[in-house]
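Subject: Structure for you to look at

Hi,

Here is the structure I promised to pass on.

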Amino acid sequence: MVETRGITKSFGSLQVLKGINLSIREKEIVAIVGPSGVGKTTLLQIIGTLDRPQSGQLTVNGIDPFRLNEKGRAAFRNRHIGFVFQFHHLLPEFTALENVMIPHLIKSRNYHAAEKKSSELLHYLRLSDRMFHKPSELSGGEKQRVAVARALINSPTVILADEPSGSLDSKNKDELHDLFFKLRKEMGQTFVIVTHDEQLASLADRIIHMKDGLITV
């Protein structure tokens, strides 16, 4: 479903990725682990089409997004990729409901459909009583669940999560980890997770180890 072949990436004279071959299957939860600076986040950004590789190929559901123009690639990303970051990146001036609605509005511009689906997702994630609150009024765990709802709103092919539990306390961390597996079971969602959290990595279907810009296992 997600395939990378010979992906390389350099920043100046520093080669960060040195030929990454990776296959992610549908409904799989994959953890990418390794020391800081080995290229994990760079790889995730390339899979998410936020950055371009120097060489190599990425396909998602058989489509190479880097063959699309910038507008087409943005539309592809909106439709196929969901993102969950360590720091939720919610827009502070909007409510939880509005933050979740934004990707759907970009996709369809149908306000009522976006509002309905966003409300359903927030209810599913136990945030019905928080949907009209702004991020400053939410706890850390609530903000991250809103971010998960935002990632899910367009029913993406894959959710890419970069240290998603890194800023959470133990209770909220455990709840977030459980949520990922619930979403896989009940929605058939696929996850690629960059993490330093050994507990989360141990729960994944597969652990990908990276070192010095290469996959080692």
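Let's begin with Glu-3, which is partly exposed, with a relative accessible area of 24%. Its partner is Arg-5: the two form a salt bridge, and their closest N and O atoms are 2.8 Å apart. Arg-5 is partly exposed too, at a relative accessible area of 40%. Before you go further, keep in mind that this is a predicted model.

A search of the whole structure turns up 10 salt bridges. If the idea is new to you: side chains of opposite charge can pair when their charged atoms come close.

Have a look at Glu-120 and Lys-116, whose side chains meet in a salt bridge at 2.6 Å, N to O. They sit four residues apart in helix H4, so about one helical turn separates them. As for accessibility, Glu-120 counts as partly exposed at 43%, while Lys-116 is exposed, with a relative accessible area of 53%.

Next, find Asp-205 and Arg-184, which form a salt bridge with their closest N and O atoms 2.7 Å apart. Asp-205 is in the loop between helix H7 (198-203) and strand E8 (206-211), and Arg-184 is in helix H6 (residues 170-187), so this pair ties together parts that are 21 residues apart in sequence. Asp-205 counts as partly exposed, at 41% relative accessibility. There is also a network: Arg-25, Glu-28 and Arg-206 are joined into one by salt bridges that share partners.

Now go to strand E6 (residues 158-162), where you'll find Asp-162. Leaving aside neighbours within four places in sequence, the residues in contact with Asp-162 are Thr-41, Leu-44, Val-84, Phe-85, Gln-86 and Val-194.

**Helix H3**

H3 covers residues 96-108, which makes 13 residues. From first C-alpha to last, H3 reaches 19 Å, close to the 18 Å expected at 1.5 Å a residue. Still, there is a kink of about 35° at Ile-102, shortly before the proline Pro-103. Pro-103 is one of the buried residues in H3, along with Ala-96, Leu-97, Asn-99, Val-100, Met-101 and His-104. What covers them? Helix H2 (70-80), helix H4 (111-124) and helix H5 (140-152) are included in the cover. Just after H3, look for Arg-109, which takes a positive phi of about 60°.

**Phe-66**

Last stop: the loop between strand E4 (55-60) and H2, where Phe-66 lies. Is Phe-66 buried or exposed? With a relative accessible area of 13%, Phe-66 is buried. Not counting residues up to four places away in sequence, Phe-66 touches Ile-46, Thr-49, Asp-51, Arg-52, Pro-53, Leu-58 and Arg-73. Take Pro-53 from that list: Phe-66 and Pro-53 are 13 residues apart in sequence and 9.1 Å apart in space, C-alpha to C-alpha.

Cheers

Terms used
Residues numbered from 1 in each chain as written. Predicted model: local features only at pLDDT ≥ 70, side-chain atom pairs only at ≥ 80, totals over all residues. Heavy atoms only, no water. Helix = DSSP H or I, 4+ residues; strand = E, 2+ residues; numbered from the N terminus. Expected span 1.5 Å × (residues − 1). Bend = angle between axes of the 7 residues up to and from the residue. Buried < 20%, exposed > 50% of the residue type's maximum accessible area, 1.4 Å probe, protein only. Contact = heavy atoms within 4.5 Å. Salt bridge = Lys/Arg side-chain N within 4 Å of Asp/Glu carboxyl O.
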